[in-house]
Amino acid sequence: GILQLHDLIYDFGPGEAATLIQAWLDGAVSDPEIGYTAADLATHVRTEFSTYRWLLEPMIERAGFTIEDRHFRRGVYGRYTCRKIA
């Protein structure tokens, strides 16, 4: 089977989190009609418990998938295509 995963996944280490998350918030739109505002994104960071890439990838592999493709945008938007090992 194929697993496609698109989520907020941090593509940086914990020591870089404050700086890079702040840069992400600074790049948010101001009009909620256009997209997520900095307040929306900050709420997500506080309440949704997104994970780091270095924690997620071993879990994917341990569940029996191989990671065929991965792409990250702005250090927070992750996209994976995984295949289940037969």
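Four strands come together in an open sheet, ordered β2-β1-β4-β3, with mixed pairing (two strands pair if DSSP finds at least two bridges between them). The edges belong to β2 and β3, each of which pairs on one side only. This is a predicted model, so to speak of local features pLDDT must be at least 70, and side-chain atom pairs count only at pLDDT 80 or more, while totals for chains, interfaces and linings use all residues. Residues are numbered from 1 along each chain as its sequence is written, and side-chain values use heavy atoms, with hydrogens and water left out.

Overall, the protein has three helices and four strands, taken as DSSP runs numbered from the N terminus (helices are H or I with at least four residues, strands E with at least two). Along the sequence these elements follow the pattern β-α-α-β-α-β-β. The C-alpha atoms fill a box of roughly 45 × 30 × 20 Å along the principal axes. Of the 86 residues, 31% are buried, where buried means under 20% relative accessible area, exposed over 50%, and partly exposed in between (1.4 Å probe, protein chains only). As for contacts (heavy atoms within 4.5 Å), among those between residues at least 6 apart in sequence, 53% join residues at least 24 apart. The protein exposes about 5,800 Å², and carbon and sulfur atoms supply 54% of that area; accessible areas come from the Shrake-Rupley method with a 1.4 Å probe, and for residues only the protein chains shown count as cover.

Back to the sheet, and to β4 in particular. Seven bridges pair β1 with β4 in the antiparallel sense, and Gln 4 has Thr 81 in β4 as its bridge partner. Strand β3 also runs antiparallel to β4, joined to it by eight bridges. Here His 71 is partnered with Arg 79 of β4, and Arg 73 with Tyr 77 of β4. The hairpin of β3 and β4 has three residues between the strands, and in it Arg 74 takes a positive phi near 60°.

Helix α1 shows two sides. Ala 17, Ile 21, Trp 24 and Leu 25 are buried in α1. Looking down the axis of α1, these buried residues fall within an arc of 100°, so they line one face of the helix; the arc is that of the directions from the helix axis to the C-beta atoms. The general rule is that an α-helix has 3.6 residues a turn, so residues three or four places apart point the same way. What do the buried residues of α1 pack against? They pack against β1, α2 (38-47), β2 (51-52) and β4. On the other side of α1, Thr 19 and Asp 26 are exposed.

Next come the charged pairs. A salt bridge here is a side-chain nitrogen of Lys or Arg within 4 Å of a carboxyl oxygen of Asp or Glu, and by this rule the count comes to four. One of them brings together the side chains of Arg 53 and Asp 11, at 3.0 Å from N to O. Arg 53 sits in helix α3 (residues 53-62) and Asp 11 in the loop between β1 (2-10) and α1 (17-26), so this pair ties together parts that are 42 residues apart in sequence. Both ends are partly exposed, Arg 53 with a relative accessible area of 23% and Asp 11 at 31%.

Glu 57 and Arg 70 also meet in a salt bridge, at 2.9 Å from N to O. Glu 57 belongs to helix α3 and Arg 70 to strand β3 (residues 65-73), so the pair ties together parts 13 residues apart in sequence. Glu 57 counts as buried at 14% relative accessibility, whereas Arg 70 is partly exposed at 33%. Another salt bridge joins Glu 68 to Arg 83, with the closest N and O atoms 3.4 Å apart. This pair links distant parts of the chain, Glu 68 in strand β3 and Arg 83 in strand β4 (residues 77-84), 15 residues apart. Glu 68 is partly exposed at 47%, and so is Arg 83 at 40%. Salt bridges that share partners join Asp 11, Arg 53, Glu 57 and Arg 70 into one network.

Finally, there is a nonpolar patch on the surface, formed by Trp 54, Leu 55 and Met 59, with about 330 Å² of accessible area together. Patches are made of residues with over 30% relative accessible area and no salt bridge, with like charges joined within 9 Å and nonpolar side chains (Val, Leu, Ile, Met, Phe, Trp, Tyr) within 5 Å.
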